[in-house]
Amino acid sequence: MTANFLAVNSLFVNLDQIFVLLRNWLVGFLPAALQPAAGVLLGVIAIVSVFPGLFALTTVFERKGLGRMQNRLGPNRVGPYGLFQPIADGIKSLTKEDIVPFSANAVVHFLAPLVLVVTVFMGFAVLPMGRNMVLVDMDSGLLFFFAMGAATELSVFMAGWSSRNKYSLLGAMRAVAQMISYEVVLLLSAVSIVMITGSLSLTKIVAAQNQYTGIFPHWYIFTPWGLAGFIVFAIAATAETNRTPFDLPEGESELVAGYHTEYSGFKFALFFLGEYLAMFALSGLGATLFLGGWSAPFSFLGWVPSWIWFFSKVMCAIFIFIWMRGTLPRLRQDQLMNFAWKFVLPFTLLNLLVTALWRFMGDGWQRWVVCTAILAAAYVIMGRLQMRSQHFGRRSYRYAE
Amino acid sequence: MSPIFYLLAVLTLAGGLASVLLKHLVHCALAVTIAFAGLALLFLQLDAQFAGFAQILVYIGAVAILIVFAILLTRGSELPKGGVFSPTWLVGLVIAAGVFAVLGWAVLASVSAIPQSNIVPSVTVHDIGLALVGRYVLPLEIVALLLTAATIGAVIVAMHEKKERPQ
């Protein structure tokens with residue numbers, strides 16, 4: 001009986017570490033001097049193959065899901081239930097002609113998609129995707145992630161400017177303005193996690209959340225400041241990845257396709273890939289910061305392999321992205337900016353103060369009451385005040401009447 | 001001095017030179033970004049993670065974007081007729097060489113002035129954080145005050161002037 005239990009237990013431990021064991025086994029064939037480099041190379045290969053694969057799956061999932069929400073079928077011609085659609089799309093984008101506009105700035109036009117995809121891939125290097133499954137365990141991993149995120153903005157600008165097309169340039173200007181505005185919020189909402197954990201290392205942040213009271217985990221989302229921070233983070237992440245309702249940079253009814261209007265063939269596919277990879281990376285970061293990373297939602301589910309939890313959290317976030325795309329209309333530019341600078345940013349700054357208060361009030365029920373009350377009151381008061389200045393009523397036309 | 005150092009130095013210098021010598025302003029801005037990235041990599045090569053990533057975040061994420069925006073908003077992205085090179089470039093060269101000489105002299109003199117230790121100091125982010133809110137808290141607060149003043153000033157400059165309502 002005990003032996004049996006131990007055998008089952010070690011099976012699950014092995015399953016949890018299967019990728020780490022696999023890597024060590026493969027690296028073992030090489031001489032000792034090459035082993036560290038080969039280990040890193042294998043990790044890179046895993047990331048570079050897994051996430052594009054996930055991207056291919058997600059495109060089908062998204063088109064199917066949107067189709068269902070809009071009462072139509074979605075792709076259903078290629079393979080069973082249209083599952084091979086991404087392969088067909090990939091072949092199509094590879095065989096299409098690569099068109100570069102005559103007056104475009106050829107070098108910058110060529111570099112933009114490459115810079116985007118490379119910087120987005122870099123972000124995955126510090127995400128812990130399971131127990132012991134992180135490519136580089138950096139002391140300042142969170143800072144690295146945001147540094148790489150900041151570098152993607154430049155590639156968007158490069159694409160829009162070099163195309164010599166007014167729609168591209170307008171789209172790029174919108175995108176950069178939006179990304180800068182929401183990046184402030186994204187950073188500040190992550191700062192409260194750093195204040196509590198006392199570390200910028202993502203593995204340490206997950207380890208701090210991987211504890212249980214009874215059966216419930218110590219995830220940061222289950223605290224007042226964590227919940228507020230998570231909501232703000234989710235809004236900012238949606239805006240950073242240019243998803244509906246913040247898809248102004250590529251609003252197809254206004255700007256054709258925004259900054260990648262003049263891209264065709266495989267370069268366009270690279271932009272598409274970069275956008276989805278950014279979604280995966282930001283979802284992964286959100287899961288790591290607020291939802292306990294690879295830790296199980298209940299203590300009795302700890303036997304399920306840790307990477308399953310990480311990837312299911314990411315895919316849940318992706319589903320919510322798709323759901324919002326099927327549900328919400330697009331914002332206007334002034335609404336977007338007002339929302340970022342007049343509502344979300346002050347609220348995030350207040351959340352930082354509340355986090356400090358939480359840290360110094362010590363254990364006990366008082367801090368729950370005080371922190372929740374401050375955040376709820378601020379939300380209600382700020383919301384009421386700003387709604388009052390919005391004059392809702394019959395639309396008045398300046399020229400049409 | 002490893003080969004990686006020389007590679008990064010060449011990259012940084014090439015970026016810097018290109019940002020001065022290229023004719024198109026947006027190309028110059030992008031070349032400056034390469035120089036920034038090279039500097040960040042040099043920091044990382046010296047095992048200064050925090051400085052390196054902060055360099056990328058601030059200089060590539062904010063300063064480069066700001067430069068690019070300024071160029072586009074001032075319509076400077078078109079080539080000026082008289083060329084982009086200033087007629088007083090020789091004076092500029094002399095001043096730049098002077099500044100470089102002073103800096104180089106200071107760095108070289110510091111080698112003998114400060115005793116060298118062979119132990120590589122390991123500075124973690126944790127240490128930097130403690131130093132910032134401990135020993136260097138006053139400079140930090142002064143910088144914070146300055147930035148707040150600058151932000152308020154920017155808001156005031158950008159604010160709409162309220163027009164007198166016609167009666």
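1. Contact between the chains. In this predicted model, 16 residues of chain B are in contact with 18 residues of chain A. On the chain B side, α2 (25–45) and α3 (49–73) each supply at least two of the residues that touch chain A. The most is given by α3(B), with 11 residues. By class, the side of chain B that touches chain A divides into 12 nonpolar residues, four polar residues and no charged ones.

2. Make-up of chain B. Chain B has six helices and zero strands. Read from the N terminus on, its elements run α-α-α-α-α-α. Chain B has 167 residues, of which 17% count as buried. Among the contacts in chain B that join residues at least 6 apart in sequence, 51% link residues at least 24 apart.

3. Crossing of α3 and α12 in chain A. Two packed helices are described by the angle between their axes and the distance between the axes. Here, the axes of α3(A) and helix α12 (residues 306–327) of chain A come within 10 Å and cross at roughly 40°. Angles under 35 degrees would count as roughly parallel, and 65 to 115 as roughly perpendicular; α3(A) and α12(A) are therefore oblique to each other. The crossing in which α3(A) passes α12(A) is right-handed.

4. Residues at that crossing. From α3(A), the contact is made by Thr58(A), Glu62(A), Gly65(A), Leu66(A) and Met69(A). From α12(A), the contributors are Ile318(A), Ile322(A), Arg325(A) and Gly326(A). By class, this contact of α3(A) with α12(A) has four nonpolar, three polar and two charged residues. For the reading of such a list, an α-helix has 3.6 residues a turn, so residues three or four places apart point the same way.

5. Gly53 of chain A. Helix α3 (residues 35–69) of chain A also holds Gly53(A). Is this glycine buried or exposed? Gly53(A) counts as exposed, because it has 11 C-beta neighbours inside 10 Å, and the limit for exposed is 12 or fewer. Gly53(A) and Pro86(A) are 33 residues apart in sequence, and their C-alpha atoms are 9.6 Å apart in space.

6. Helix α7 of chain A. This helix (residues 166–197) has 32 residues, which at 1.5 Å a residue should span 46 Å. Just after α7(A) comes Gly198(A), with a positive phi of about 75°.

7. Two asparagines with positive phi. Most residues other than glycine have a negative phi. Asn71(A) is not a glycine, yet has a positive phi of about 60°. Asn71(A) lies in the loop between α3 and α4 (85–95) of chain A. With 6 C-beta neighbours inside 10 Å, Asn71(A) counts as exposed. Asn242(A), likewise a residue other than glycine, has a positive phi near 55°.

8. Setting of Asn242. Which loop holds Asn242(A)? Asn242(A) is found in the loop of chain A between α9 (224–240) and α10 (252–255). Asn242(A) counts as buried, because 23 C-beta neighbours lie inside 10 Å, and a residue is buried at 20 or more. Asn71(A), by contrast, counts as exposed.

Terms used. Residues are numbered from 1 along each chain as its sequence is written. Chains are lettered from A and ligands numbered from 1 in the order in which they are written. This is a predicted model: local features need pLDDT of at least 70, side-chain atom pairs count only at pLDDT 80 or more; totals for chains, interfaces and linings use all residues. Two residues are in contact if their C-beta atoms, placed from the backbone, lie within 7 Å. Helices (H or I, at least four residues) and strands (E, at least two) are DSSP runs, numbered from the N terminus. Ala, Val, Leu, Ile, Met, Phe, Trp, Tyr, Cys and Pro count as nonpolar, Asp, Glu, Lys and Arg as charged, and the others, Gly among them, as polar. The expected span of a helix is 1.5 Å times one less than its number of residues. Axes are lines fitted to C-alpha atoms, for helices over the stretch in contact, and angles run from 0 to 180 degrees between N-to-C directions. Angles under 35 degrees count as roughly parallel, over 145 as roughly antiparallel, 65 to 115 as roughly perpendicular and the rest as oblique. A crossing is left-handed if the near helix is turned anticlockwise from the far one by less than a right angle, and right-handed if clockwise.
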